[in-house]
Amino acid sequence: MWRLSRALCVHAAKTSKLPGPWSRPAAFMSTLLINQPQYAWLKELGLREENEGVYNGSWGGRGEVITTYCPANNEPIARVRQASVADYEETVKKAKEAWKIWADIPAPKRGEIVRQIGDALREKIQVLGSLDVGHVTGIGEGLQEKVTCCILFLFSGPGHALIEQWNPVGLVGIITAFNFPVAVYGWNNAIAMICGNVCLWKGAPTTSLISVAVTKIIAKVLEDNKLPGAICSLTCGGADIGTAMAKDERVNLLSFTGSTQVGKQVALMVQERFGRSLLELGGNNAIIANVLYGPLHTKQSVSMFLGAVEEAKKEGGTVVYGGKVMDRPGNYVEPTIVIGLAHDASIAHTETFAPILYVFKFKNEEEVFAWNNEVKQGLSSSIFTKDLGRIFRWLGPKGSDCGIVNVNIPTSGAEIGGAFGGEKHTGGGRESGSDAWKHYMRRSTCTINYSKDLPLAQGIKFQ
């Protein structure tokens with residue numbers, strides 16, 4: 001007998017908001033399938049005729065009421081009150097607060113909780129399997145995958161071997177920005193090649209010379225080894241080339257380093273073709289070293305520097321040092337220190353790419369950690385302290401949310417052995433690091449049956 005589990009999940013109809021809580025005539029309630037004997041198992045799951053659809057520690061819901069219908073007979077099963085926008089906001093806030101507690105629970109204890117969840121699901125696996133979307137009875141009773149995840153370990157069945165096979169993705173496109181173009185290209189190119197990929201590099205138009213120079217060196221090595229030069233290709237160009245790479249399905253992975261604004265466009269173009277991208281976008285480091293530095297990249301960068309200084313003044317800041325263009329050839333500006341701004345001043349949250357240091361006074365550790373994390377970028381951060389407890393709180397789940405979290409060392413640069421990249425608007429991508437190779441590979445899960453039997457996955461048996 002086939003039991004259609006989708007019947008209870010996917011066919012729903014909206015109902016206008018009710019003037020009061022659950023005002024429904026008894027005749028309507030009696031027509032719901034949940035009240036019929038053959039569907040009594042639904043109540044074993046705690047379901048009722050009218051159900052609240054929001055849970056954040058307590059049940060509720062102030063949105064529309066949705067009636068769920070069984071597509072096998074188009075009869076109403078039960079009703080659920082949905083979340084309103086206010087419900088959503090409240091739930092998110094509570095979830096963030098709950099995270100502060102959950103993050104402090106040791107991993108073994110969290111594992112024990114998950115194991116218990118698995119046990120609880122297993123107890124109801126028969127009825128849950130009939131309610132789950134996309135399953136029929138017999139395919140693990142619908143919830144086998146979830147229960148298996150809660151067991152927390154992976155194994156093969158008798159006469160089977162379960163392995164993961166990693167293979168190169170193919171062509172890796174590398175788009176670098178004007179800053180650190182060779183370093184960024186090297187992070188991507190070296191590991192991509194080791195993994196078995198070929199590369200196509202497009203540097204910033206303003207750094208075309210270094211792109212050509214580096215490629216010439218690489219080409220010579222390939223030549224001497226009688227290998228095709230196209231293994232490390234180069235296409236200098238502007239936005240038109242970058243756009244073509246982002247849209248090209250033949251580019252199996254696109255690594256992009258640049259601004260958050262352009263990175264968003266790249267991500268959308270790659271995602272539109274279900275491609276893979278590695279994004280290393282804007283940063284706004286919590287500490288900036290103003291000791292040794294060269295000229296800014298272009299005249300436009302100088303204009304941006306001056307604009308940022310003026311904006312800082314408008315927002316209440318005071319320039320206590322620097323703030324001017326240096327009277328000498330080139331794009332040199334003075335290292336600049338600004339005080340008096342609010343921690344959430346818009347200019348302080350903007351990546352200027354100039355030697356400007358905004359200084360803030362804070363009251364306590366919790367406050368300054370929050371200020372560090374409130375900016376949209378999440379590349380690099382650092383704290384200077386001798387307090388061992390503070391160091392590990394800074395490195396912990398309630399500390400810095402950046403991709404690079406330093407202690408007693410500036411934020412400029414990164415150790416080559418570590419993963420370089422950041423969170424939030426920095427894009428989430430990582431270059432280098434212990435598991436960076438996975439970006440440049442595709443993964444296959446392989447189950448090999450070397451027995452004489454032909455069993456189904458997860459030990460499923462049809463009666």
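**Salt bridges and burial in a predicted model**

Guide: In this predicted model, a salt bridge joins the side chains of Asp104 and Lys398, at 2.8 Å from N to O.

Visitor: Why is the contact of Asp104 and Lys398 called a salt bridge?

Guide: A Lys nitrogen has to lie within 4 Å of an Asp carboxyl oxygen. The N to O value for Asp104 and Lys398 is 2.8 Å, so the pair qualifies.

Visitor: What does the pair of Asp104 and Lys398 tie together?

Guide: Asp104 lies in the loop between α2 and α3, and Lys398 in the loop between α12 and β18, so the pair ties together parts that are 294 residues apart in sequence.

Visitor: How do you know whether Asp104 is buried or exposed?

Guide: Exposed means over 50% relative accessible area. Asp104 has 51%, and is therefore exposed. Lys398, at 38%, counts as partly exposed.

Visitor: What makes Glu50 and Arg79 a salt bridge?

Guide: Their closest N and O atoms are 3.3 Å apart, and the cut-off is 4 Å. Glu50 lies in strand β2 and Arg79 in strand β6, so this pair ties together parts that are 29 residues apart in sequence.

Visitor: Are Glu50 and Arg79 buried or exposed?

Guide: Buried means under 20% relative accessible area. Glu50 has 7%, so Glu50 is buried. Arg79 has 2%, so Arg79 is buried.

Visitor: Where do Asp224 and Lys220 lie?

Guide: Both lie in helix α7, 4 residues apart, about one turn of the helix. Asp224 forms a salt bridge with Lys220, with the closest N and O atoms 2.8 Å apart.

Key. Residues numbered from 1 in each chain as written. Predicted model: local features only at pLDDT ≥ 70, side-chain atom pairs only at ≥ 80, totals over all residues. Heavy atoms only, no water. Helix = DSSP H or I, 4+ residues; strand = E, 2+ residues; numbered from the N terminus. Buried < 20%, exposed > 50% of the residue type's maximum accessible area, 1.4 Å probe, protein only.
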